[in-house]
Amino acid sequence: MFVPKVLLVNDDSASLLALSSLLVDRDGYEVIMARSGEEALRHVLNHDFAVILLDVSMPSMDGFETAEAIHSHPRSASVPIIFVTAHYADEMNRLKGYQKGAVDYLFTPIIPQILQSKVAVFVELAKKNMQLQYQKHDLEKLNDELQAQRWLDLQHINERKQAEEALRQSQNELRELASYQERVKEDERKRIAREIHDELGQNLLALRIDIAMLHARTASTHPKLNGKVHAVLDHIDATMKAMRSIINNLRPTVLDLGLTAAIEWQVKEFQRRTGIACELELSDKELMVDDSRATALFRVLQESLNNVFRHARATKTKIEVYQTDNRLYMRVADNGVGIFPGCRRKANSFGLIGMKERISTLGGELDIDTAQDRGTALTVSIPVDAAHESACDEHAAVDGKPRGKRANDAAKDNNRASSVHSVATRRKKTLQDASSAQ
């Protein structure tokens with residue numbers, strides 16, 4: 001049985017024991033302690049951790065160096081780190097901590113409930129991630145079984161025409177399976193984000209209301225207590241901001257307002273985060289698409305912008321989204337170095353392949369225009385309606401949905417798309433809230 005692990009790193013034994021004592025509720029996870037950065041790195045090489053609570057001030061190897069070393073290793077590159085310090089409480093060190101990849105920066109003394117809530121969030125995320133890995137393993141096993149069965153079938157086909165038809169059918173099933181895997185991943189992200197929002201969000205909101213009432217009542221009668229309560233409010237606000245950031249990473253809530261709002265938010269966040277100038281051209285008319293197409297285009301835009309940031313060495317990016325007749329087009333162009341010959345065939349480079357498969361399952365096309373030192377332009381086009389999905393009903397057993405259920409899902413998507421205009425007036429506020437969560 002998978003048990004998430006939490007790593008506590010502090011060179012002071014008393015502080016380490018005190019921090020460990022705050023995590024009194026350890027149901028469902030294990031606490032491991034380290035007294036130096038070197039010892040912490042040895043633990044990271046041997047274990048997978050849900051979260052690391054790291055002291056800043058340590059001899060030989062301080063917290064910032066330790067965090068950088070942890071995130072430089074592929075195995076621990078995505079492990080969340082929370083800095084805990086009693087001395088480096090200024091904004092410069094706090095900013096440095098976030099630059100080193102920290103998800104939070106706490107000052108002592110720490111409120112036990114706040115620390116327990118933060119740790120519980122990351123422990124729960126680790127459990128959900130492991131569940132996704134188990135599901136992926138099961139799907140890969142099912143994929144292997146399908147391929148093996150298809151291979152056995154091909155052995156008994158004597159005529160070339162029959163063999164070609166069977167192979168074509170196998171490819172279609174694999175594509176449907178890949179599409180199903182993407183739907184499972186998106187549904188799981190949406191479910192986790194909703195659970196965090198509904199459960200943890202409501203509890204934090206109720207806690208903040210109570211603390212705010214206490215803060216108001218002690219303003220004139222208990223100044224010292226009022227100051228402590230104000231600090232608690234700040235911690236709660238920081239926790240709520242971190243929670244919103246986690247939710248947005250799983251599934252941005254702005255997607256619920258429509259594709260146009262989601263594209264505007266993503267471009268604005270990319271420009272703010274990377275400093276790369278972005279030019280966005282959108283038609284004045286609202287883009288009316290169902291949830292599956294909106295999610296696919298949003299993920300393709302995310303992957304394209306990430307490629308621009310990581311590989312293109314570009315200083316400017318232009319994004320165009322427009323609709324002609326019954327097709328929706330999205331073009332992402334940069335002024336970078338282009339894609340070098342052979343780069344698309346690198347081992348473990350599945351970004352473009354994944355985008356192509358995601359668009360292909362929607363009946364769309366992906367085109368790449370690139371030249372060395374002349375930038376790259378990626379163009380995606382998909383049909384606006386769901387007419388091409390009628391053929392997929394023949395493979396309804398792949399995702400377990402009968403035709404009637406698929407028709408109901410399509411009707412829900414159309415209803416969701418028709419309601420975009422009614423919430424467009426709230427777009428600006430939602431974009432600001434989503435940006436502040438980052």
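Phe83 and Tyr105 are both buried, where buried means under 20% relative accessible area, exposed over 50% and partly exposed in between, using a 1.4 Å probe and protein chains only. This is a predicted model, so local features need pLDDT of at least 70 and side-chain atom pairs count only at pLDDT 80 or more, while totals for chains, interfaces and linings use all residues. Residues are numbered from 1 along each chain as its sequence is written, and side-chain values use heavy atoms, leaving out hydrogens and water.

Now for the rings. Searching the whole structure turns up five aromatic pairs. Rings of Phe, Tyr and Trp (its six-membered ring) pair if their centres lie within 6.5 Å; planes under 30 degrees apart are stacked, over 60 edge-to-face, and the rest tilted. Here are two of those pairs:

| Pair | Centre to centre | Angle of planes | Type |
|---|---|---|---|
| Phe83 and Tyr105 | 5.8 Å | 50 degrees | tilted |
| Tyr105 and Phe107 | 5.5 Å | 70 degrees | edge-to-face |

Phe83 sits in strand S4 (residues 81-85) and Tyr105 in strand S5 (residues 104-107), so their pair ties together parts 22 residues apart in sequence. Strands here are DSSP runs of E with at least two residues, and helices are runs of H or I with at least four, numbered from the N terminus. Ring pairs join Phe64, Phe83, Tyr105 and Phe107 into a cluster.

Over to helix H6, which is where you'll find Leu205. Leu205 is partly exposed, with a relative accessible area of 44%.
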